[in-house]
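I opened the notebook to record what I looked up in this structure, entry by entry.

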Amino acid sequence: MVAYNCKKCPGYCCSYPVITLTKRDVKRLAKGHELTVDEARKKFTREAHGYKRVMKRKKDDIYGKICRFFDTDKRRCTTYDSRPAVCRDFPGDGRCGYYDFLKFERNAQEDKTYIALTDHSED
Ligand code: SF4
Ligand code: SF4
């Protein structure tokens, strides 16, 4: 039983600064976008200190920055079928901490549109 609803969330997990990518992830993205692995690596990924490959990001009005594949109007992933393993696994155990927090605050503030913001300004 899943205790969160991504359709009611503006996509917080996609705003994580580090979306790690394995070779297999890059290969899957390449296939999904009809590119070579090299092309996909250049277009979609960047190197980040401490990590080999991470997803490139873009500007987002809500969280500051978000995954380059995120549709910032519809608030959803545009590469769902070829998304990386880390996105497939998240949040993992049937609960999402951010969603729990969002739900609590929306009830407490009696505001169904409330969004909890994060500060990734150091990224
Ligand atoms: S932060 Fe949680 S509720 Fe929001 S999109 Fe991600 S998994 Fe879904
Ligand atoms: S690939 Fe899709 S699910 Fe993964 S972070 Fe990017 S937009 Fe979110």
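**Notebook entries**

I began with contacts (heavy atoms within 4.5 Å) and noted that, among those in the chain between residues at least 6 apart in sequence, 55% join residues at least 24 apart.

Before going on, I wrote down that this is a predicted model, in which local features need pLDDT of at least 70, side-chain atom pairs count only at pLDDT 80 or more, and totals for chains, interfaces and linings use all residues. I also noted that residues are numbered from 1 along each chain as its sequence is written, that chains are lettered from A and ligands numbered from 1 in the order in which they are written, and that side-chain values use heavy atoms, with hydrogens and water left out.

Next I looked up the secondary structure, where helices (H or I, at least four residues) and strands (E, at least two) are DSSP runs numbered from the N terminus. I found four helices and six strands in the chain, and from the N terminus on they run α-α-β-β-β-β-β-β-α-α.

For the overall extent, I noted that the C-alpha trace spans about 50 × 35 × 30 Å along its principal axes. Of the 123 residues of the chain, 32% count as buried, a word that stands for under 20% relative accessible area, with exposed over 50% and partly exposed in between (1.4 Å probe, protein chains only).

Last, I turned to L117, which lies in the segment after α4 (97–108). L117 is exposed, with a relative accessible area of 59%. Although L117 and I62 are 55 residues apart in sequence, I found them 7.2 Å apart in space, C-alpha to C-alpha.
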